[in-house]
Amino acid sequence: MLVGCFGIQRVSVTQQFCLSIFVGGEGNRGLVKGKDLKQGAKMRLVGLTGGIASGKSTVSSMFKHNHIPVVDADIIARDALKKNSGGYKKVVAAFGPDILQDDGQVDRLKLGRIVFSDVSKRQLLNRLLAPYISSGIFLEVLKLWIKGHKVIILDIPLLFEAKMDKWTKPIVVVWVDPETQLRRLMERDNSTEEDARNRINAQMSLDLKKSQADIVIDNTGSRQDLQERFSEVLSHVKRPLTWTEFWLSRDGALSALLGVIIGVLAGKKFFW
């Protein structure tokens with residue numbers, strides 16, 4: 001789960017332009033809040049983020065189970081490090097062959113220990129992989145838009161750090177208190193408290209993410225508690241698109257094009 005340090009430090013100018021076409025430009029956030037319902041979105045891109053061991057991946061799986069497509073930055077980050085890929089070559093050149101397994105693949109756990117304990121190396125890794133991850137996210141969104149999906153979840157641990165929060169609405173943060181986060185991480189990875197704290201401290205704090213969220217899912221309780229909170233969020237996310245959202249979605253664009261064609265043909269028949 002190294003995408004927490006495989007940052008997406010910037011999105012290219014071209015990707016920013018295309019994303020603005022999809023979501024209606026910067027600043028249109030907060031679809032869940034009535035006063036923040038904006039009329040510029042082409043489709044609903046929901047930002048999902050959290051912290052390590054917060055339960056974000058569980059919430060992501062819940063969205064998938066409810067047939068809402070998820071663009072998972074973790075998967076894209078893994079693909080960016082596949083053997084002989086562009087990202088792989090740059091990372092190996094920068095960090096040396098010691099980070100490789102016997103089969104030549106990157107040892108993600110070893111690389112994680114290196115970057116979680118050294119800020120400069122983490123920043124280097126971010127810079128190396130940023131273009132591959134941001135491009136991968138954009139291409140996945142594009143493919144889903146072409147297929148006609150109107151609601152897409154962007155599961156990005158570094159949503160705020162990568163400045164991609166401005167393209168998503170609403171922003172959903174999966175939150176747990178610091179003690180629960182530390183305990184769950186140590187239990188999950190069988191790690192020492194020092195290693196667990198290093199990994200947690202390498203990320204933006206959950207409390208700060210919480211303060212910038214449109215929706216907060218408190219996951220300090222049981223799985224049943226989480227399911228109940230998720231159901232409330234799901235009803236917001238799946239709410240019908242506004243008329244503006246529909247007309248600027250793929251289906252709406254096709255409907256408008258068909259209307260233009262019919263109008264042109266009717267005009268020709270009338271005038272000719």
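**A parallel sheet and its helices**

Strand S4 (residues 171–175) runs parallel to S5, and 4 bridges hold the two together; strands count as paired when DSSP finds at least two bridges between them. Here Val172 sits opposite Ile215 in S5. Helices (H or I, at least four residues) and strands (E, at least two) are DSSP runs, numbered from the N terminus. The model is a predicted one, so to speak of local features pLDDT has to be at least 70, while side-chain atom pairs count only at pLDDT 80 or more and totals for chains, interfaces and linings use all residues. Residues are numbered from 1 along each chain as its sequence is written, and side-chain values use heavy atoms, with hydrogens and water left out.

Zooming out, 5 strands make up an open sheet with parallel pairing, in the order S2-S3-S1-S4-S5. Strand S2 (70–72) and strand S5 (215–218) are at the edges with a single partner strand each, so one side of each has no neighbour in the sheet. On average, neighbouring strands are turned by 20 degrees against each other, direction ignored. Axes are lines fitted to C-alpha atoms, for helices over the stretch in contact, and angles run from 0 to 180 degrees between N-to-C directions.

Now for the helices. Helix H3 (residues 73–80) lies across S2 and strand S3 (151–155), at about 40 degrees to S2. Helix H10 (residues 223–237) packs on the sheet and touches strand S1 (44–49), S3, S4 and S5, its direction making about 160 degrees with that of S5. Contact means heavy atoms within 4.5 Å.
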